[in-house]
Amino acid sequence: MRWLPAWSIAVTAAAASLTLCASARTQAGGRSPPQRVGDLAVADVNGDGFADLIAGLPGREEYRHETPGRVAVWFGGKGGLRARPSATFVEPAIGQGSHLGSFGRAVAAVGDVNRDGFADVLVGAPGAGSCTAPPGAKVNVPPLDGGRVYLLAGGRAGLAATPAAFVDGARMGGRFGSGFRGAGDLDGDGAPEVIIGAAGDGAQICQDHGEGVRAELPDPLPSEQGIFRCRPSGFSRWSNDAAKADGAGYVLTGDFDRDGRADLLSSRVVTGMLAPPQGLGSGDVNGDGIPDLAVGRSDIRRGRLYFYPGAAGRGISEPPAATFIGPLRVVPGVTPTARNEVALSQTSFGMSVVVIDVDHDGFADIVVGAPWVDKIYVYAGSRAGPREPARQVLSREVHTWFPDRMVAGDFDADGYGDIAITDVGSDITKPPRDPTLTVYRGSAAGFVTKPALSVALADVVE
């Protein structure tokens, strides 16, 4: 197993501010709470040879547990994805400490765990689960927010009605299952491993208490992540001394050295390099048959895209083979200068990255999101790697945080890569808009600008 650079989650203050302000405006304006947006994943869960789209749809009021979370599945087919999901899985309530709402916050494709020909899916519910109260906590309710991860088995009808297995977090307030940092077979034993994150912040459990209920808590819990082996019988800790000693963020991703095993990337190799989970993409950009790594970094003055080519027997190495700097914000009537460049550079370029062959030319293309300006940039692949400038730019009306989540797959199996995108909606626009799911189909000329699918996520749930 090779040790290479990985990155811990970086959430920009701009994104957090946008989400919080939108929530406050919604309550003040008397509207019902907007549908929450979870992760997206792509996997062939019904075994028909077409890529399917899986979307996590947490409850509208996650911390009040008013509505259950859901996972919706759109089956791929010759005509692409239909407007309505093909199947919907509703959050189960299992055991003490199970509270509805957070199911679907994180979703990940984990491969065919039980080897029955159908891809399986992991779903995180960070607000659920039985756990242990932290030392010093004085609460008169069952332990809360330990977090839980479910294994949902694929089948002809989509996802099985009953989870195949689940695992609970061990810490009250740890919010285990907040996110996944990749999945793959690290040790070559045929069973996939998965990195599961726990967001921490134990103080969040206070939000679940009714009036007059008092809780005295220690300092908020730090975030953490661990590697778990995923088998049909359930989850177990995957022990690795190097991972424990590393002390830094790590991610599990493609086979960059072509040895038949997934690689674990560690941030120790590149100090200070940060990327959110959705800011990492892999695919064969230079057409040599080996996956390459594309990394977005959006937390700096001007966002960056780093390209690392894979190599047989060697993997990836520093420095990156190419570095693209995010384009400046375009403001009508404003010419970029040294004085206004800081403001114009705040685009969050690199927040989302996927890699897929959009135009079916044998070279995967890199698709980069800049949600602060509601744009997506497409960089063409070639034998020399990705090429500048962007061959295509997709735009959405402002203030919707487009894209929030983005995944790639060939949903109609025509050889042209497609992308599925969610945004967070907006209470600034008139009329206000709930989050939407949008799908763009690939073609020889790039993405078809008219969406193949555009649906309000609130309509999917109701």
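Q: Accessible areas come from the Shrake-Rupley method with a 1.4 Å probe. On that basis, what is the accessible surface of the chain, and what share belongs to carbon and sulfur atoms?

A: The model is predicted. Its chain has an accessible surface of about 18,800 Å². Carbon and sulfur atoms hold 53% of that surface.

Q: How many helices and strands make up the secondary structure of the chain?

A: There are 4 helices and 29 strands.

Q: What share of the residues in the chain is buried?

A: Buried means under 20% relative accessible area. Of the 462 residues in the chain, 54% are buried.

Q: What share of the chain's contacts joins residues 24 or more positions apart?

A: A contact needs heavy atoms within 4.5 Å. Among contacts with a separation of 6 or more, 57% join residues 24 or more positions apart.

Q: Why is strand 7 described as largely enclosed by the rest of the structure?

A: The cut-off for buried is under 20% relative accessible area. In strand 7 (residues 120-125), 6 of the 6 residues are buried, so the strand is largely enclosed by the rest of the structure.

Q: How do you know that both faces of strand 7 are covered?

A: Take one side at a time. Asp120, Leu122 and Gly124 are buried on one side. Val121, Val123 and Ala125 are buried on the other. Both faces are therefore covered, by the under 20% cut-off for buried.

Q: What makes strand 6 and strand 7 a pair, and in which sense do they run?

A: Pairing takes at least two bridges. Strand 6 (residues 106-111) is joined to strand 7 by 5 bridges, so the two pair. They run antiparallel. Val107 has Val123 of strand 7 as its bridge partner.

Q: How many bridges link strand 7 and strand 8?

A: The count is 5, in the antiparallel sense. Strand 8 covers residues 148-152. Here Gly124 is partnered by Val149 of strand 8.

Q: How do you know that strand 13 is mostly covered?

A: Count its residues. Strand 13 (residues 193-198) has 6 of its 6 residues buried. On one side these are Glu193, Ile195 and Gly197. On the other they are Val194, Ile196 and Ala198. Both faces are covered.

Q: What makes strand 12 a partner of strand 13?

A: At least two bridges are required. Strand 12 (residues 176-184) and strand 13 share 5, so they qualify. The two run antiparallel. Gly179 faces Gly197 of strand 13 across this pairing.

Q: How many bridges join strand 13 to strand 14?

A: There are 6, and the strands run antiparallel. Strand 14 spans residues 224-231. Opposite Ile196 stands Gly226 of strand 14.

Q: Why is Ile421 called buried?

A: The limit is under 20% relative accessible area. Ile421 has 0%, so it counts as buried. This residue belongs to strand 27 (residues 418-422).

Q: Which residues contact Ile421, leaving aside its neighbours within four places in sequence?

A: Contact again means heavy atoms within 4.5 Å. The partners of Ile421 include Leu40, Ile376, Phe402, Pro403, Arg405 and Met406. Thr436, Leu437, Thr438 and Tyr440 also touch Ile421. Thr438 lies 17 residues from Ile421 in sequence, with 5.1 Å between their C-alpha atoms.

Q: Which omega values go with the cis peptide bonds at Pro319 and Pro403?

A: From Glu318 to Pro319, the cis bond has omega near -5°. Between Phe402 and Pro403, also cis, omega is about 5°. Pro319 sits in the loop between strand 20 (304-308) and strand 21 (322-325). Pro403 sits in the loop between strand 25 (392-395) and strand 26 (405-409).

Q: What is phi at Arg258 and at Ala413?

A: Arg258 has phi near 55°, positive in a residue other than glycine. Its loop runs between strand 16 (250-253) and strand 17 (263-266). Ala413, not a glycine either, has a positive phi of about 55°. Ala413 is in the loop between strand 26 and strand 27.

Q: Why is Ala413 called partly exposed?

A: Buried is under 20% and exposed is over 50%, with partly exposed in between. Ala413 has a relative accessible area of 45%, so it is partly exposed.

Q: What is the volume of the second largest pocket, and which residues are closest to its centre?

A: The second largest pocket has a volume of about 300 Å³. Its lining counts 17 residues, and those closest to the centre are Arg329, Trp372, Val373, Asp374 and Val398. The lining divides into 10 nonpolar, 3 polar and 4 charged residues.

Terms used: Residues numbered from 1 in each chain as written. Predicted model: local features only at pLDDT ≥ 70, side-chain atom pairs only at ≥ 80, totals over all residues. Heavy atoms only, no water. Buried < 20%, exposed > 50% of the residue type's maximum accessible area, 1.4 Å probe, protein only. 1 Å grid on protein atoms, 1.4 Å probe; cavity = no way out; pocket = protein on both sides within 12 Å on 5 of 7 lines; lining within 4 Å. Points joined across faces, edges and corners; volume = space filled by probe spheres on them. Nonpolar A, V, L, I, M, F, W, Y, C, P; charged D, E, K, R; others polar.
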